[in-house]
Amino acid sequence: MDYDTYGSNAVELAIDLANADRDAPDWVQVFLVAHQEWFTTGTALELGPTEATAVGQTSSLVRDVAEADSEPEVMARLNGLLALASPKPYATDHDGELHLHYARPDAGVVEQLTTTVAMGLSQVVVQHGWQRLGVCSAEGCGHVYVDTSRNASRRYCSNTCASRSTVAAYRARQRT
Ligand SMILES: [Zn+2]
Ligand SMILES: [Zn+2]
């Protein structure tokens, strides 16, 4: 499986957005600054309350897609997210490698973000299957992830969560 494309990188942006700590003050600002390489140079990253709410909505929609557990449900939720996207793809080599960008370069940051995230997520779902997005099974984690394993067998967001769960299961067995 080739995840070496912009589409798959865009899914990482989607995953990061869904996993952002939305209880933190100014989380939208923090998220945008941390991911500013995704936006056209010079894009204003300071948002008003309405735009910040829209970013939160996109975050929720990504999580909804990951939490869906059937193909029709994934499709319905994905299409809900895609309805908010305004794709205007263009080819670029701004980083030295030819690849596609999905949003208008002069769009506001919310449009760039939502469009990139929606297109990245859709590419993974339609090319690799709706089961590729999931929610971490580790107790108390709740992070969403994209499963890049060969047989789509992943259950945890990270190796940390996987080993934490293995240890917890082992201890539980020891107790009984
Ligand atoms: Zn690029
Ligand atoms: Zn986890």
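**Entry 1: Ala138**

**Entry 1: Ala138**

I noted the cut-offs: buried means under 20% relative accessible area, exposed over 50%, and partly exposed in between, using a 1.4 Å probe and protein chains only. This is a predicted model, where local features need pLDDT of at least 70, side-chain atom pairs count only at pLDDT 80 or more, and totals for chains, interfaces and linings use all residues. Residues are numbered from 1 along each chain as its sequence is written, chains are lettered from A and ligands numbered from 1 in the order in which they are written, and side-chain values use heavy atoms, with hydrogens and water left out.

I placed Ala138 in the loop between β3 (133–135) and β4. Helices (H or I, at least four residues) and strands (E, at least two) are DSSP runs, numbered from the N terminus. Which residues does Ala138 touch? I found Tyr156, Cys161, Arg164 and Ser165, not counting residues up to four places away in sequence. Contact means heavy atoms within 4.5 Å. I also looked up Val30: it is 108 residues from Ala138 in sequence and 26 Å away in space, C-alpha to C-alpha.

**Entry 2: zinc ion (ligand 2)**

Cys161 came up again here. I saw the zinc ion (ligand 2) coordinated by the SG atoms of Cys136, Cys141, Cys157 and Cys161, at 2.3 to 2.4 Å. Donors are N, O and S atoms within 2.8 Å of the metal (3.2 Å for Na, K and Ca); water is not among the atoms, so sites may look incomplete. Why is the arrangement tetrahedral? The four donor atoms subtend angles of 106 to 116° around this zinc ion. Four donors count as tetrahedral if all angles lie between 85 and 135 degrees. I wrote down the spacing of the donor residues as C-x4-C-x15-C-x3-C. Cys157 and Cys161 are both buried.

**Entry 3: zinc ion (ligand 1)**

I turned to the zinc ion (ligand 1). Its protein donors are the NE2 atoms of His94, His99 and His101, lying 2.0 to 2.1 Å from it. Along the chain these donors follow H-x4-H-x1-H. His101 is buried, at 13% relative accessible area.

**Entry 4: α3 and α5**

I checked two helices, α3 (residues 49–67) and α5 (residues 109–128). Their axes come within 10 Å and cross at roughly 5°. That makes α3 roughly parallel to α5, a label for angles under 35 degrees. Axes are lines fitted to C-alpha atoms, for helices over the stretch in contact, and angles run from 0 to 180 degrees between N-to-C directions. From α3, I listed Glu51, Ala54, Val55, Thr58, Val62 and Val65; they meet Val110, Leu113, Thr114, Val117 and Leu121 in α5. These residues divide into eight nonpolar, two polar and one charged.

**Entry 5: positive phi**

Most residues other than glycine have a negative phi. I looked up two with a positive value. Asp26 has phi near 60°. I found Asp26 in the loop between α1 (6–19) and α2 (27–34), and it is exposed, at 60% relative accessible area. Ala152 has phi of about 50°. Ala152 lies in the loop between β4 (144–146) and α6 (159–175), and it is partly exposed, at 33%.

Terms used: Tetrahedral: all angles 85-135°; square planar, octahedral: opposite > 155°, others 65-115°. Parallel < 35°, antiparallel > 145°, perpendicular 65-115°, else oblique. Nonpolar A, V, L, I, M, F, W, Y, C, P; charged D, E, K, R; others polar.
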